[in-house]
Amino acid sequence: MESNEIPHSLGIDVFGTDDYLTNVKESLIYRCNKSSKPKVPFLITSESIGDLSSMVNIDIISLRDINLKFEDRRKLLRGIGLEITISNLRLTDGKQLGKWIADISSFYAYCKHARFQFILSSGATSICELVSGRCFDSLLKTCGIDPISYWNDLNGWLQTRLIRRHTYFA
Amino acid sequence: MLNRRSKRRYIAVRCDKFVKADNGNGIYNSGFALLLTRRVAELYGFIVAQKSSIRDIGNNGNTIFVIRCNLNFLPIVLSAIPLLNPPALVLLISGTVKRLRMNLKKPSFQILKEENKCRIEKPI
C-alpha cells in the first residue's frame with residue numbers, strides 16, 4: 001500500500017511514524033529514538049524528560065501525565081515539543097476524561113507561555129486508532145484550543161525543526 | 001411558524017474490535033450508536049446526548065458502521081468518536097446516505113476500509 005494515501009483521506013497532510021518505510025514520501029516524518037541519519041525527514045522522540053540531560057537534540061517528549069513536576073519543568077528546553085496521546089485516554093472513564101479536557105487548555109496556555117510546542121497525537125498503532133483531521137479540530141475546540149492557530153503553530157514548528165535537523169546533519 | 005426538521009449528518013466509522021449487540025437486527029441496530037451515545041453522555045451530559053440523536057443506520061456486516069446525528073451536535077459527536085473504546089476512525093461525513101455510500105466506494109477510502117492492510121506506528 002502507498003503509505004502517503006492514508007493522510008490525504010483523513011484530512012491530515014503530514015504524519016509521523018516509527019516504522020522506516022521504504023516507500024516513504026513527503027507526507028511522512030520518521031520518528032526515531034537515537035540521532036541516526038535516515039534519508040527521510042526525521043525527529044528524535046523520547047518518553048522520558050530525564051533523557052534531556054543525556055541527549056541534547058531531542059525534538060519531542062511524549063508525556064503520560066500533563067501535570068509536570070517543578071523539577072521536570074526546569075529540565076525542559078525552549079522550543080521542544082510536548083506530545084500528548086489520545087490513545088491513553090480511551091480506557092479512562094468519563095470523570096478522568098472530563099478532568100483531562102479541563103486541564104488541557106491550561107497546559108496549552110503554559111506551553112505557549114514557556115515556548116514549548118504542544119502536540120496532540122493519536123498515538124495509533126493501527127489504522128483504526130488513527131484520528132481524522134475533523135475529529136482533531138473538534139477535540140481541540142472542546143479543549144478550548146483554536147484549531148487554526150494550533151495547526152499553524154505546529155506547521156511552523158515542524159518546518160523549523162526539520163530545517164534545523166537537515167542543516168545539522170548535512 | 002414553519003416546523004422544519006433539523007438537519008442531519010451521516011458518518012461512516014471504521015471500528016475493528018466492536019462486538020455487535022445480539023438483540024435486534026444486526027445491521028440496523030448494531031449497538032454502535034448506543035456505545036457512542038454513552039460516551040457523549042459521559043462527556044457532555046444526558047441532555048446533549050439525547051439532543052444529538054445518534055442512531056445506527058447500517059453497517060457492511062463487518063467493520064464499517066454508518067451512524068446519523070443532528071447537524072448542530074456534529075462537533076460534539078466528532079470529538080467523542082476518537083475517545084471511544086474500542087478505537088474508531090471517522091472515514092467520511094455526508095448529508096445523505098446515498099452520497100456517503102458513493103464516496104465510500106472511491107479508491108482512497110477502499111484502502112482504509114480494508115482490514116489489516118498495513119500497520120503504522122505513532123502518527124502525530
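# Briefing on a predicted model with chains A and B

In helix α1 of chain B, the buried residues are Phe32(B), Leu36(B), Thr37(B), Arg39(B), Val40(B) and Tyr44(B). Seen down the axis of α1(B), these buried residues fall within an arc of 165°, so they line one face of the helix. The model is a predicted one. The points below turn to the surroundings of this helix, then to the sheets of both chains, and lastly to individual residues.

**Helix α1 of chain B**

- Helix α1(B) covers residues 32-44, which makes 13 residues.
- Helix α1(B) lies across β2 and β3 of chain B, and its direction makes an angle of about 50° with β3(B).

- Chain B has an open sheet of 4 strands in the order β2-β3-β1-β4, and the pairing is antiparallel. The edge strands are β2 and β4 (89-94) of chain B, each of which pairs on one side only. From one strand to the next, the twist averages 25°.
- Strand β1 of chain B (residues 8-14) is joined to β4(B) by 5 bridges, and the two strands run antiparallel.
- Tyr10(B) has Ser94(B) in β4(B) as its bridge partner.

**Overview of chain A**

- Chain A contains 6 helices and 6 strands. Starting at the N terminus, its elements follow the order α-β-β-β-α-β-α-β-α-β-α-α.
- Chain A has 170 residues, of which 28% count as buried.
- Among the contacts in chain A with a separation of 6 or more, 42% are between residues 24 or more positions apart.

**The sheet of chain A**

- In chain A, 6 strands form an open sheet with parallel pairing, in the order β1-β2-β3-β4-β5-β6. The edges are held by β1 (15-17) and β6 of chain A; each has a single partner strand, so one side of each is left without a neighbour in the sheet. Neighbouring strands of this sheet are turned against each other by 35° on average, direction ignored.
- Strand β1(A) is joined by 3 bridges to β2 of chain A (residues 28-32), and these two strands run parallel.
- The bridge partner of Gly16(A) in β2(A) is Ile29(A).

**Backbone features in the loops**

- Between Asn85(B) and Pro86(B) the peptide bond is cis, with omega near 10°. Pro86(B) belongs to the loop between α3 and β4 of chain B.
- Ser53(B) is not a glycine, yet its phi is positive, at about 40°. This residue is in the loop between α2 and β2 of chain B. Ser53(B) has 16 C-beta neighbours inside 10 Å and therefore counts as partly exposed.
- Arg115(A), a residue other than glycine, has a positive phi near 60°. Its place is in the loop between α4 (94-114) and β6 (117-121) of chain A. Arg115(A) is exposed, because 11 other C-beta atoms lie within 10 Å and the limit for an exposed residue is 12 or fewer.

Notes. Residues are numbered from 1 along each chain as its sequence is written. Chains are lettered from A and ligands numbered from 1 in the order in which they are written. This is a predicted model: local features need pLDDT of at least 70, side-chain atom pairs count only at pLDDT 80 or more; totals for chains, interfaces and linings use all residues. A residue is buried if 20 or more other C-beta atoms lie within 10 Å of its own, exposed if 12 or fewer, and partly exposed in between; C-beta atoms are placed from the backbone. Two residues are in contact if their C-beta atoms, placed from the backbone, lie within 7 Å. The expected span of a helix is 1.5 Å times one less than its number of residues. The arc is that of the directions from the helix axis to the C-beta atoms. Two strands pair if DSSP finds at least two bridges between them. Axes are lines fitted to C-alpha atoms, for helices over the stretch in contact, and angles run from 0 to 180 degrees between N-to-C directions.
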